Protein chains: 2
Amino acid sequence: LNALGTHSILELYDCPAKLLNDPGQILDFAREAARRARCTVLTEASHCFEPQGVTAILLLAESHLSVHTWPEVGYAAIDVFTCGQTTRPREACQYLARMLEARRQDFRQISRGQQAPEPHQQRLPIPQVGGQERPLAAAEG
Amino acid sequence: LNALGTHSILELYDCPAKLLNDPGQILDFAREAARRARCTVLTEASHCFEPQGVTAILLLAESHLSVHTWPEVGYAAIDVFTCGQTTRPREACQYLARMLEARRQDFRQISRGQQAPEPHQQRLPIPQVGGQERPLAAAEG
């Protein structure tokens with residue numbers, strides 16, 4: 001496989017609404033999912049919607065992990081975008097499906113950057129010294 | 001279409017490395033892409049990688065927009081995950097392809113949450129100030 005990244009796309013159906021509407025819990029699940037995928041979390045962002053719904057996004061050294069929930073219909077959309085040979089995105093997805101108590105799910109993986117030329121170098125995060133990292137900022141306006 | 005969300009997946013190839021390695025520029029492009037998609041940016045995060053590469057993620061009221069770049073191979077992976085009937089993710093993708101000067105691209109869209117039951121309510125962000133007010137047009141589940 002020559003792809004630069006693997007994009008795991010998980011649809012979770014028939015999840016309990018209460019679980020899908022708890023931002024702290026969702027973020028905890030996302031962090032643990034990233035750990036199980038052997039990924040490093042660099043930054044995280046989350047948001048609660050009115051009247052319901054949660055978004056949690058983790059910026060990873062290996063790309064990103066996102067969770068969007070629609071408690072009113074028991075649905076969660078999960079994306080685990082990873083690069084490198086050592087990640088385990090499938091384990092992250094299995095964990096999230098279990099934790100969110102999905103009774104139905106749909107899992108697929110697509111390759112990203114398949115037509116990019118070799119060599120595919122592994123990216124490493126810049127060490128956290130001297131303000132290299134841009135802090136999470138609330139958007140203007 | 002009964003999907004809850006539309007996930008636009010864009011692969012950009014043969015982009016100039018310099019463009020792909022400028023985090024401020026990438027973030028500006030991402031913001032403008034979100035605007036053209038008629039989306040509202042709630043939070044943003046970005047990261048520079050060593051020796052090269054940038055990630056920019058915008059948490060949107062309509063889900064998310066992410067850009068991951070691999071300057072060493074001229075490749076950028078774009079995701080525009082939108083919900084609601086008023087968004088224009090294709091315009092965001094066209095804009096990013098043009099701004100990043102991609103000479104080749106691959107664009108596809110997949111439906112998210114297709115098996116979720118009706119009704120599909122539109123989610124609204126919680127007001128940032130004076131959170132007492134409930135947004136109009138949000139139907140109770």
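Q: How many helices and strands does chain A have?
A: Chain A has three helices and eight strands. Please note that this is a predicted model.

Q: In what pattern do they follow one another along chain A?
A: Read along the sequence, the pattern is β-α-α-β-β-β-β-α-β-β-β.

Q: And what share of chain A is buried?
A: Of the 141 residues in chain A, 54% are buried.

Q: What share of the contacts in chain A join residues at least 24 apart?
A: That share is 66%, counted among contacts in chain A between residues at least 6 apart in sequence.

Q: Turning to the cores: how many residues are in the largest nonpolar core, and which have the most contacts inside it?
A: The largest nonpolar core has 30 residues. Those with the most contacts inside it are B:Leu12, B:Ala34, B:Leu58, B:Leu60, B:Leu65, B:Ile78 and B:Leu100.

Q: Which elements give two or more residues to this core?
A: In chain B, they are the strands β1 (5-13), β3 (54-60), β4 (63-70) and β5 (75-83), together with the helices α1 (17-20), α2 (23-36) and α3 (89-99). The element that gives the most is α2(B), with six residues.

Q: Where does B:Val67 lie, and is it buried or exposed?
A: B:Val67 lies in strand β4 of chain B. B:Val67 counts as buried because its relative accessibility is 1%, and the cut-off for buried is under 20%.

Q: Which residues is B:Val67 in contact with?
A: Setting aside neighbours within four places in sequence, B:Val67 is in contact with B:Ile26, B:Ala30, B:Val54, B:Thr55, B:Ala56, B:Ala77 and B:Ile78.

Q: Which residues line the largest cavity?
A: From chain A, the lining has A:Thr43, A:Glu44, A:Ala45, A:Ile57 and A:Leu59. From chain B, it has B:Thr43, B:Glu44, B:Ala45, B:Ile57, B:Leu58 and B:Leu59. The strands β2 (41-50) and β3 (54-60) of chain A, and β2 and β3 of chain B, each supply at least two residues of this lining.

Q: How many of these lining residues are nonpolar, polar or charged?
A: The lining divides into seven nonpolar, two polar and two charged residues.

Q: What about B:Glu44: is it buried or exposed?
A: B:Glu44, found in strand β2 (residues 41-50) of chain B, is buried, with a relative accessible area of 9%.

Q: With which side chain does the side chain of B:Glu44 make a polar contact?
A: The partner is the side chain of B:Arg31, at 2.6 Å.

Q: Lastly, where is B:Gly24?
A: B:Gly24 is in helix α2 of chain B. B:Gly24 is partly exposed, with a relative accessible area of 25%. The C-alpha atoms of B:Gly24 and B:Ala56 are separated by 9.4 Å, while the two residues are 32 residues apart along the chain.

Methods: Residues are numbered from 1 along each chain as its sequence is written. Chains are lettered from A and ligands numbered from 1 in the order in which they are written. This is a predicted model: local features need pLDDT of at least 70, side-chain atom pairs count only at pLDDT 80 or more; totals for chains, interfaces and linings use all residues. Side-chain values use heavy atoms; hydrogens and water are left out. A nonpolar core is a set of buried Ala, Val, Leu, Ile, Met, Phe, Trp, Tyr and Cys residues joined through side-chain atoms within 4.5 Å. Buried means under 20% relative accessible area, exposed over 50%, partly exposed in between (1.4 Å probe, protein chains only). Helices (H or I, at least four residues) and strands (E, at least two) are DSSP runs, numbered from the N terminus. A polar contact is a pair of N or O atoms within 3.5 Å; within protein, one must be able to donate a hydrogen and the other to accept it, and residues adjacent in sequence count only if both atoms are side-chain atoms. On a 1 Å grid over the protein atoms alone, a cavity is a set of points where a 1.4 Å probe fits but cannot get out, and a pocket is an open set with protein on both sides within 12 Å along at least five of seven lines; lining residues have an atom within 4 Å of a point. Ala, Val, Leu, Ile, Met, Phe, Trp, Tyr, Cys and Pro count as nonpolar, Asp, Glu, Lys and Arg as charged, and the others, Gly among them, as polar. Contact means heavy atoms within 4.5 Å.
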